[in-house]
2 protein chains.
Amino acid sequence: MSKIKKVAFELKEYEFPEPFKITGAIHTKAENIEITVELESGTKGMGEASYSYRVNGEMIASLLAMENNVNDMIKGVDVKDYRKIFDIIDGFSRTAPSVKAGVQFAVLDALSAEIGVPVYQILGGSTNRIKTDKTVGIDELENMVEKAKKYYYTEGYETLKIKVGLDLKEDIKKMIAISEATKGASYIVDANQGYSPKEAIQFADATYRNGVNIVVFEQPTMWNDLDGLRLIRQNSPFPIAADESAKSKYDAYELIKEGCVDFINIKLMKSGISDALAIVELAKITNTKLMIGCMSESSVGINQSVHFAAGTGAFTYHDLDSHILMEEDEFRGKFKQSGQEITL
Amino acid sequence: MSKIKKVAFELKEYEFPEPFKITGAIHTKAENIEITVELESGTKGMGEASYSYRVNGEMIASLLAMENNVNDMIKGVDVKDYRKIFDIIDGFSRTAPSVKAGVQFAVLDALSAEIGVPVYQILGGSTNRIKTDKTVGIDELENMVEKAKKYYYTEGYETLKIKVGLDLKEDIKKMIAISEATKGASYIVDANQGYSPKEAIQFADATYRNGVNIVVFEQPTMWNDLDGLRLIRQNSPFPIAADESAKSKYDAYELIKEGCVDFINIKLMKSGISDALAIVELAKITNTKLMIGCMSESSVGINQSVHFAAGTGAFTYHDLDSHILMEEDEFRGKFKQSGQEITL
């Protein structure tokens with residue numbers, strides 16, 4: 001009865017009321033695939049694929065075209081044997097990691113409904129409370145300062161994610177201005193690969209000397225420049241995180257083994273549930289810290305990362321705010337949120 | 001209702017009808033601790049700690065003395081939040097890894113009873129079928145050959161584990177004689193740290209030249225000689241496995257990073273469920289192969305490894321035969337066994 005009867009893909013579009021700019025992209029809308037796994041018992045589980053061309057090389061038409069293949073691959077398999085399904089779907093790790101994530105989560109969500117245990121407890125139930133940051137996209141200095149103040153003072157987000165990487169000198173000015181305007185806040189600064197290694201070191205040096213409280217300096221340089229990342233790490237007072245560099249568990253192993261990172265930013269849309277679980281274990285073995293991020297998930301997709309993060313309890317920072325930045329008719333997360341506070 | 005009400009330890013003794021000799025030890029009996037986790041609902045889960053002084057440095061009196069502490073540590077915690085309990089018990093990783101294993105499994109077993117899902121499916125349900133080997137202890141050549149023939153021809157075990165490590169020249173003679181008497185069998189040869197690196201290379205060379213079908217050469221030299229293990233690995237045609245060298249997930253990481261091993265032998269009694277899960281993920285990342293072994297578990301303890309192995313589906317070889325070699329009043333595994341075939 002807990003065998004998979006059918007998997008359905010549905011395209012959903014969401015608008016960002018304010019265009020969201022980062023190094024290498026401007027987001028005005030999200031096109032996500034809602035993935036429903038239906039069991040023979042009638043029970044349903046839901047996941048979401050929020051694809052990325054910039055990071056993963058995925059295109060929406062190709063992902064949508066996989067619906068029949070996914071049905072052929074996992075129809076008839078019992079969701080209680082979820083590792084079997086994880087392994088079958090693992091072949092999508094390079095070609096369609098967001099679909100891998102959405103299908104793997106929908107399977108866990110269906111299992112959850114079938115046995116009456118929330119997904120975060122299937123994954124171990126480490127905690128039922130996490131805090132998310134909120135992100136300030138690239139904009140004019142005044143606008144970024146205003147947004148930072150609003151998020152910090154009015155909305156109560158203690159950790160702000162600040163997007164940089166387009167202009168080193170401007171970025172340093174912006175960070176100092178934001179820091180002076182939001183005293184007491186913590187900053188995750190994300191350059192989205194925008195700097196050369198030397199520029200990244202200059203950025204870290206200048207902000208450090210001006211007392212900017214950067215808790216993570218994310219993906220300062222190109223994803224494939226491991227030597228560059230290591231050089232930055234060795235010359236930055238702030239912890240260095242890999243995001244675009246760390247898609248799979250294999251990437252994470254190399255980055256850690258080669259001494260390139262203090263943090264890994266896990267995103268289910270890059271790794272699926274299965275590689276994300278492997279990176280969690282690897283990080284614990286090697287004392288590497290973790291943050292969890294998102295692409296452009298709605299509340300359906302953010303729900304996945306919330307349950308993963310709470311279940312494993314493995315993350316120092318949670319950057320799960322895409323659903324807050326987009327317009328959504330209905331909140332569909334299986335969690336409660338009040339500002340930065342998320343409870344299960 | 002799924003909160004832990006009480007944890008009970010009970011000492012159990014089992015006899016080995018034939019003394020079981022390996023390098024560094026002769027086993028005539030096993031003293032195991034049966035661990036029962038009782039929930040507020042009345043549901044019970046059961047685990048077993050089969051301690052090892054030789055490998056872990058554990059002593060039975062000290063383990064038994066931990067009962068009250070374990071109660072204080074995990075009483076009141078919900079077994080659905082099993083990662084919390086895993087983390088609390090993780091402090092026993094060095095001092096009482098067998099108790100860590102037994103408590104962690106008993107928690108999963110109680111959760112299993114509470115939600116009606118077998119433990120191997122809580123762990124992912126990768127397969128419901130595994131094959132175990134059977135072990136030939138150190139003895140006179142004729143006796144070892146007779147036992148190998150009986151296990152292979154009469155009882156149908158395709159893989160035999162052969163204990164060596166006390167006398168290089170004798171061991172080579174024995175392996176050639178066993179190989180000639182059981183053509184078609186596969187051998188896991190376990191030296192239990194008995195050889196110097198050079199002796200191990202001589203052993204591998206001589207058996208290889210005589211066509212002995214060794215599929216794993218286990219722990220040829222001292223647990224703390226990583227350079228020696230690497231040297232043997234680089235000069236052995238047979239895959240090298242670490243057992244005594246690989247207690248924790250941290251050990252496994254070092255062994256793999258330093259290029260010392262083809263296989264890791266996971267034993268729950270060395271690592272508990274939590275480190276074993278981490279080693280499974282690490283092995284997949286690094287293309288390291290896995291076998292799963294045992295100490296002197298009864299069917300209660302072997303049940304733990306059977307469910308772990310089937311759930312994760314991660315093991316090339318299963319060496320889960322201690323319950324077969326000992327006298328037990330009643331079979332209490334939640335699996336079926338017919339010779340080498342184990343089904344869930």
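The legends below describe close-up views of a predicted two-chain model.

In this predicted model, local features need pLDDT of at least 70 and side-chain atom pairs count only at pLDDT 80 or more, while totals for chains, interfaces and linings use all residues. Residues are numbered from 1 along each chain as its sequence is written, and chains are lettered from A and ligands numbered from 1 in the order in which they are written.

**View 1. The open sheet of chain A.**
Three strands of chain A form an open sheet in the order β1-β2-β3, with antiparallel pairing. Strands (E, at least two residues) and helices (H or I, at least four residues) are DSSP runs, numbered from the N terminus. Two strands pair if DSSP finds at least two bridges between them. β1 (4–22) and β3 (44–50) of chain A stand at the edges with a single partner strand each, so one side of each has no neighbour in the sheet. From one strand to the next, the twist averages 20°. Strand β2 (residues 25–39) of chain A runs antiparallel to β3(A), and seven bridges join them. A:E38 has A:K44 in β3(A) as its bridge partner. Helix α5 (residues 97–115) of chain A packs on this sheet and touches β1, β2 and β3 of chain A. The direction of α5(A) makes about 160° with that of β3(A). Axes are lines fitted to C-alpha atoms, for helices over the stretch in contact, and angles run from 0 to 180 degrees between N-to-C directions.

**View 2. A:M46 in its strand.**
A:M46 is part of strand β3 of chain A.

**View 1. A:M46 in its strand.**
A:M46 is part of strand β3 of chain A. The cut-offs are 20 or more other C-beta atoms within 10 Å for buried, 12 or fewer for exposed, and partly exposed in between, with C-beta atoms placed from the backbone. Leaving out residues up to four places away in sequence, A:M46 touches A:E34, A:I35, A:T36, A:A106, A:D109 and A:V300. Contact requires C-beta atoms, placed from the backbone, within 7 Å. A:H27 is 19 residues from A:M46 along the chain, and their C-alpha atoms are separated by 25 Å.

**View 2. The two domains of chain A.**
Chain A is divided into domain 1 (4–116) and domain 2 (122–343). These bounds come from an automatic or database domain assignment. Taken over C-alpha atoms, the domain centres are 23 Å apart. Across the boundary, 33 residues of domain 1 of chain A contact 33 residues of domain 2 of chain A. On the domain 1 side, two or more residues come from each of β1, β2, β3, α1 (53–56) and α5 of chain A. The largest share, nine residues, is from α5(A). By class, that side has 14 nonpolar, 12 polar and seven charged residues. Ala, Val, Leu, Ile, Met, Phe, Trp, Tyr, Cys and Pro count as nonpolar, Asp, Glu, Lys and Arg as charged, and the others, Gly among them, as polar.

**View 3. Helix α11 of chain A and its cover.**
Helix α11 (residues 249–257) of chain A has the buried residues A:K249, A:D251, A:A252, A:Y253, A:L255 and A:I256. Their cover includes α10, β9 (240–242), β10 (263–266) and α12 (268–286) of chain A. α12 of chain B also takes part in it. Just after α11(A), A:G259 has a positive phi of about 70°.

**View 4. Where chain B meets chain A.**
Here 25 residues of chain B contact 25 residues of chain A. α4 (82–89), α11 (249–257) and α12 of chain B each supply at least two residues of the chain B side. α12(B) gives the most, seven residues. The chain B side holds nine nonpolar, seven polar and nine charged residues. A rotation of 180° with 0.0 Å of shift along its axis superposes chain B on chain A, with RMSD 0.0 Å. The copies are thus related as by a two-fold rotation axis. The superposition is by least squares on the C-alpha atoms of residues with pLDDT of at least 70 in both. Of the interface residues of chain B, 100% are also interface residues in chain A, so the copies meet through the same surface.

**View 5. The β1–β2 hairpin of chain B.**
Strands β1 (residues 4–22) and β2 (residues 25–39) of chain B pair in the antiparallel sense over 14 bridges. B:I22 stands opposite B:A25 in β2(B). The two strands form a hairpin with two residues between them. In the turn, B:G24 has a positive phi of about 95°.

**View 6. Two loop residues with positive phi.**
A:Q219 lies in the loop between β8 (214–218) and α10 (226–235) of chain A. Phi of A:Q219 is near 35°, a positive value in a residue other than glycine. A:Q219 is buried, with 26 C-beta neighbours inside 10 Å. B:N287 is found in the loop between α12 (268–286) and β11 (289–292) of chain B. Its phi, near 55°, is also positive in a residue other than glycine. B:N287 is exposed, with 9 other C-beta atoms within 10 Å.

How values were computed
Contact = placed C-beta atoms within 7 Å.
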